[in-house]
Amino acid sequence: ADYDAWLTRHGVDTASVHWSELKHTARFVCTTDAVNNQIASFYSGAMSEASSIELAPVADRVGALDLVVVGPNDPTAMVRHTRECRDRGYAFAADPSQQLAWADGEMIRDLVHGADLLFTNEYEAALLLQKTGWSDAEVLDRVGTWVTTRAADGVLVRQAGAEPIEVIAVPETKPVEPTGGGDALRAGFIAGRVWGLGLERATQLGSAVATE
């Protein structure tokens, strides 16, 4: 309730957030060493109920949906929301992230096909290709834009039939540890695109946000 009140005070619409009557909020705990190796643990909690959420009532309440981000979540929910986006014509971003490690090729193909945006890091991109059996070109035939983060080597943005865009990583001004950097990049990139920025400029914005 305290977090909901904070979000509401800061202008975030929480009216469609699912409240679990039985389980606590999902929790991720990460320990990072001096060279950025990480040990992570995760409690799914209320996230296991995410598959009960339907997108259409949200769209009916707020109006047209600019972009649905299908992030790493309850697997059943990820598949349901992806299919609902395709069926209802909602633009969506596929960001399967950590769930790629255990998902099989059939599920990954289902999550990626038809996405306006696909987000991966280099490791996840390799997993995606290995498990789906697709080539880079075959992935690009199925998505609008593929954004791949490459740590210190920056970001690679690709579209079918277009020259790749490479954006260098913004030097860290106050390095602490990397947790959340990828999420921050995605937030900056998507915000930039919604504001009308081009691909390169939106990627630069995302890279800058990721270092904050």
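How many salt bridges does the structure hold? The structure holds eight salt bridges, a salt bridge being a side-chain nitrogen of Lys or Arg within 4 Å of a carboxyl oxygen of Asp or Glu. The model is predicted, so that local features need pLDDT of at least 70 and side-chain atom pairs count only at pLDDT 80 or more, whereas totals for chains, interfaces and linings use all residues. Residues are numbered from 1 along each chain as its sequence is written, and side-chain values use heavy atoms, with hydrogens and water left out.

One of the salt bridges joins the side chains of Arg61 and Asp13, at 3.0 Å from N to O. Arg61 lies in helix 2 and Asp13 in the loop between helix 1 (2–9) and strand 1 (27–32), so this pair ties together parts that are 48 residues apart in sequence; here helices (H or I, at least four residues) and strands (E, at least two) are DSSP runs, numbered from the N terminus. Arg61 is partly exposed, with a relative accessible area of 42%, and Asp13 also counts as partly exposed, at 48%, where buried means under 20% relative accessible area, exposed over 50%, and partly exposed in between (1.4 Å probe, protein chains only).

A salt bridge also links Arg83 and Asp110, whose closest N and O atoms are 2.7 Å apart. Arg83 lies in helix 3 and Asp110 in helix 4, so the pair ties together parts that are 27 residues apart in sequence. Arg83 is partly exposed, with a relative accessible area of 45%, whereas Asp110 is buried, with 14%. In the salt bridge between the side chains of Arg158 and Asp136, the N to O distance is 2.6 Å; Arg158 belongs to strand 7 and Asp136 to helix 6 (residues 136–140), 22 residues apart. Arg158 counts as buried at 13% relative accessibility, and Asp136 as partly exposed at 31%.

Helix 3 (residues 75–88) has 14 residues and reaches 20 Å from its first C-alpha to its last, close to the 20 Å expected at 1.5 Å a residue, the expected span being 1.5 Å times one less than the number of residues. The buried residues of helix 3 are Ala77, Met78, Val79, His81, Thr82, Glu84 and Cys85, and they pack against helix 2 (55–62), strand 3 (68–70), strand 4 (92–94) and helix 4 (105–112). Glu84 is also linked with Glu54 and Arg88 in a network of salt bridges. After helix 3 comes Gly89, whose phi is positive, near 80°.

Note on methods
Contact = heavy atoms within 4.5 Å.
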